[in-house]
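Work through the exercises below with the sequence and the model open. Each task is followed by a solution in steps.

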Amino acid sequence: MQLWTIQPIEWYEKLIKDGIIYGDRKNIDKDWEFALTGYHWLMKKMDELIGKRPFPECYPVWSWYQYHNSKKRKPDLRNKAFLEKGKKGVRLEINKNDHEVLLSDFMLWHFPFSYHSFIGQNEKESLEFDQMLENRGLSNQSFKQQPENIQQKIINSWDRVLDMNFDDPYHTQSKEEKSIQATFWTLSVEEVVKAEEFIAR
């Protein structure tokens, strides 16, 4: 599977030095700790679908399968969101075995990542769920404050993040038009096809 990952140059240098690299909890900025609920959900799914993490503290390595859509798959380095301005980075084209990679819909990923909210199979189901929360006086409660059965229903709905054929227009797009992320546990230097260094804009 052809993928691209954009990383700080120090990350790439460590990969060259060690021959292999893993995702690391310390790479998650303290300002993003609210997102750990989503991270831990995704990691559990990776354990189930692509094999157990190599050690308990291993976090995902992130990459792109389809950055913009099926016709513009490679990340455009002119984008300003990859790294801090002026920071030296690298765009790696890599080749991973399909069974080692979990794909996720970038747009839908925000539901477990930051919203911690329900993804209905269509607009009607989503609005009905919101109405149910309001009727029970739960609409202003955070995810962790919700009753356990409501939390589980929300978590179960996140499986749609991993379904590349889910294309309900209220929530997302067709597979050809999606931005699609890819996560895996390790990257070896042998899996790197091409390295392009750049200075972040």
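**Exercise 1.** Which residues does Ser-126 touch, not counting residues up to four places away in sequence?

*Solution.* Step 1: list the contacts, meaning heavy atoms within 4.5 Å. Ser-126 touches Phe-118, Ile-119, Gly-120, Tyr-170 and His-171, with residues up to four places away in sequence left out. This is a predicted model, in which local features need pLDDT of at least 70 and side-chain atom pairs count only at pLDDT 80 or more, while totals for chains, interfaces and linings use all residues. Residues are numbered from 1 along each chain as its sequence is written, and side-chain values use heavy atoms, with hydrogens and water left out.

Step 1: Ser-126 lies in helix 4 (residues 123-135); helices (H or I, at least four residues) and strands (E, at least two) are DSSP runs, numbered from the N terminus.

Step 2: look for a polar contact (a pair of N or O atoms within 3.5 Å; within protein, one must be able to donate a hydrogen and the other to accept it, and residues adjacent in sequence count only if both atoms are side-chain atoms). The Ser-126 side chain reaches the backbone nitrogen of Gly-120 at 3.0 Å.

**Exercise 2.** Is Ser-126 buried or exposed?

*Solution.* Buried means under 20% relative accessible area, exposed over 50%, and partly exposed in between (1.4 Å probe, protein chains only). Ser-126 has 5% relative accessibility, so it counts as buried.

**Exercise 3.** Describe how helix 3 begins, packs and ends.

*Solution.* Step 1: at the start of helix 3, a side-chain oxygen of Asp-105 comes to within 2.9 Å of the backbone nitrogen of Met-107.

Step 1: within helix 3 (residues 106-115), the buried residues include Leu-108, Trp-109, Phe-111, Pro-112 and Phe-113. The buried residues of this helix pack against helix 2 (36-50), strand 4 (61-66), strand 6 (102-105) and strand 7 (180-184).

Step 2: His-116 follows helix 3 and has a positive phi, near 55 degrees.

**Exercise 4.** Why is strand 7 largely enclosed by the rest of the structure?

*Solution.* Step 1: five of the five residues of strand 7 are buried, so the strand is largely enclosed. On one side these are Ile-180, Ala-182 and Phe-184, and on the other Gln-181 and Thr-183.

Step 1: find the strands that pair with strand 7 (DSSP finds at least two bridges between paired strands). Strand 4 runs antiparallel to strand 7 and is joined to it by five bridges; Ser-63 has Ala-182 as its bridge partner. Strand 6 also pairs with strand 7 in the antiparallel sense, over four bridges, and Leu-102 stands opposite Thr-183.

Methods: Two strands pair if DSSP finds at least two bridges between them.
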